[in-house]
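Here is a short walk through a structure that may be new to you. Keep the sequence and the 3D view at hand as you read.

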Amino acid sequence: MTTTTVTNPAATADRSQATAGDRAGSRGPARKRPGGHGENRIGWGFAAPFTILFALFLVWPLLHGLYLSFTGQSLTGQGGELVGVANYAEAFADAAMWRSMLNTFWFTLLSTVPLVVVALVLALLVNTGLPGQWLWRLSFFLPYLLASTVVSLFWIQLYSPTLGPINTVLATVGLPQPAWLQDPDTAMIAVVVTTVWWTVGFNFLLYLAALQNIPDQQYEAASLDGAGRWRSLWSITVPQLGPTTGLIVILQVLASLKVFDQIYQMTNGGPAGTTRSTVQYIFESGFTGYRFGYSSAISYIFFAVIVVISIAQFSISARNRKGAQR
Amino acid sequence: MTAPAVAPGSGLRAPTAEKGRGGGSHGHAPGKQRFGVMGVVSIGILVVLAVLWLLPFLWSLATSFKSEADAAATPQTWLPDGGFTLQAYRAILDQGNIPTWLFNSLFTSIVITLIVVATSALVAYAFSRLDFRGKKWLWVATIASIIIPPQVLIVPLFYQMLAFDMVDTYWGIILPQAIAPAMVFVLKKFFDQVPIELEDAARVDGAGRIRVFFTILLPLSRPILGAVSIFVFIGAWNNFLWPFIVTNDASLLTLPVGLQTIKSAYGIQYAQNMAAAILAALPLILVFLFFQRQIIKGISTTGFGGQ
């Protein structure tokens, strides 16, 4: 693989020499001068396909959404007139909106901790070089490949109060059997457990890759100095994983804040709105309440929250990195 | 001509070889030689966890092979009284929608992947190698947009699809998913590492930018392009919210969305629900079993840039 990639370009470059002569005559000079006219044109040529899609399906909706948030637009096309900040004022006074934000934060907190810790533990265990590597990877990563609807169907069945194996087991050992998804006290926990099962494999793989990038020499040096395995774990592995952990936490918080699929499918936000996430509230205001303007306003509030959280996280992790260097 | 091409070429091995390790099964695990008490305890914990992780699959698989009567019987057992049967699968396949949804998912995910990879590679090359007016602004905008959650755009995007007459069409599913600024970032970073001497040599010989891109850079980038493709494909395949919003016509639904309609239509057919879920899960699991190494490598290398 490596040899072919190395020799290939050389060979093609050699071949291109033959055809080069006739082309160089006409358009040569423009090419020789980087940053010249030719480069400008060709640069935009390369950038154009992406830029067009980017402008059409990202920049434009972003701006249009902002505009819509100041209108009373509905799905039926009525109410397109400007209403000022009325939507925002309504949103800030809307208990259901705040409820969905709190639910989202609660879900993010409950899910991020196990999604980072469990991933790390799994990666550390697998990385000890036990036999059957492919089997471990397969077991923990496989759920990540499932569509949310598949995951939800699996777990609705598992959580079923009367038919589910979870409650069957709990009954045999004499523990109480909650209604899980139908019980306001357990619904969120149940959704979090499902989420951890579903997506922990992703962080697990990132940790595994990071662990394999720690140079063996460090462990060898440590073991020459008489450090045992626990010692190596705490003084080499964990500190080396610091930056990786920082990134995984940032990505996980952002991913968890956007939760929608599994909650919508498993509880539809219930019972009594205890699991309704902000994205679901945006979806419902827009597509079941047909209030595009109001939905856009909540979208923008949510977007602002995400920007603030991202900036905070990045500046914390940047400061940590600087501190580690000192 | 050959000499400068090979010399920087060998420098390229560093990133690719390193990434190769992510997919490699063993060899770099520290402390491999020691299998003391810790080793036994580790194996024990791992086995328990792996079983725990596989149980939901196995239970669903078992349920899918039960008759509806057995699937609704209390208490539930692994082995049904009436024995295993293919009834649920027959019933689901008789409804005829699953192959259509499978095709829709496959088609839209492949087209999305092709568009994302092609447009991202082109623009990443421009960011990495070419000088053009407005490049800095475009780069800043692209990077900044990574932070935008696609979920906050659903209302204006739907509005746009109405205007473009793309609601309930393949293009309506595809186009809004066909941009991935994070992948542009990943590819640009990779291109930055490719020694420029390789291209300079070819360009002195008169090869144009386009030629250099296709004959030199792209062949060298096969591993990262594969990684990006895998990442984008899995994301598109499993996307639920957008296809759910933009399609209504049963013949245009993707597999995840179609499954949701089955769930609501046949709420109490447990065995059929599980059979449908298993059928929907199967394609990607098979792909994974065939391309395990590449997929794991792909996630490991693009993971931080992605999501």
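Confidence comes before everything else, for this is a predicted model. In chain A, pLDDT is lowest in helix α1 (residues 2–32), where the mean is 38. It is highest in helix α4 (residues 95–126) of chain A, with a mean of 95. Residues 1–35 of chain A have a pLDDT below 50. That stretch still has 48 contacts in the model beyond near neighbours in sequence. Chain A as a whole has a mean pLDDT of 84. In that chain, 87% of the residues reach 70 or more.

Now look at where the chains meet. On one side are 98 residues of chain A, in contact with 105 residues of chain B. Helix α2 (residues 37–68) of chain A supplies the largest share of the chain A side, 19 residues. By type, the chain A side holds 58 nonpolar, 31 polar and 9 charged residues.

Turn to chain B. Its secondary structure has 16 helices and 0 strands. Chain B has 307 residues, and 48% of them count as buried. Take its contacts between residues at least 6 apart in sequence: 79% join residues at least 24 apart.

The largest nonpolar core has 162 residues. The members that touch the most others are V150(A), F204(A), L187(B), V228(B), V232(B) and A277(B). Helix α8 (residues 187–212) of chain A gives the most to this core, 16 residues. Which residues does A277(B) contact, leaving aside neighbours within four places in sequence? They are V150(A), L153(A) and F154(A) in chain A, with S60(B) and L259(B) in chain B.

Technical notes. Residues numbered from 1 in each chain as written. Chains lettered and ligands numbered in written order. Predicted model: local features only at pLDDT ≥ 70, side-chain atom pairs only at ≥ 80, totals over all residues. pLDDT = per-residue confidence, 0-100. Helix = DSSP H or I, 4+ residues; strand = E, 2+ residues; numbered from the N terminus. Contact = placed C-beta atoms within 7 Å. Nonpolar A, V, L, I, M, F, W, Y, C, P; charged D, E, K, R; others polar. Buried ≥ 20, exposed ≤ 12 C-beta atoms within 10 Å, placed from the backbone. Core = buried A, V, L, I, M, F, W, Y, C linked by C-beta atoms within 7 Å.
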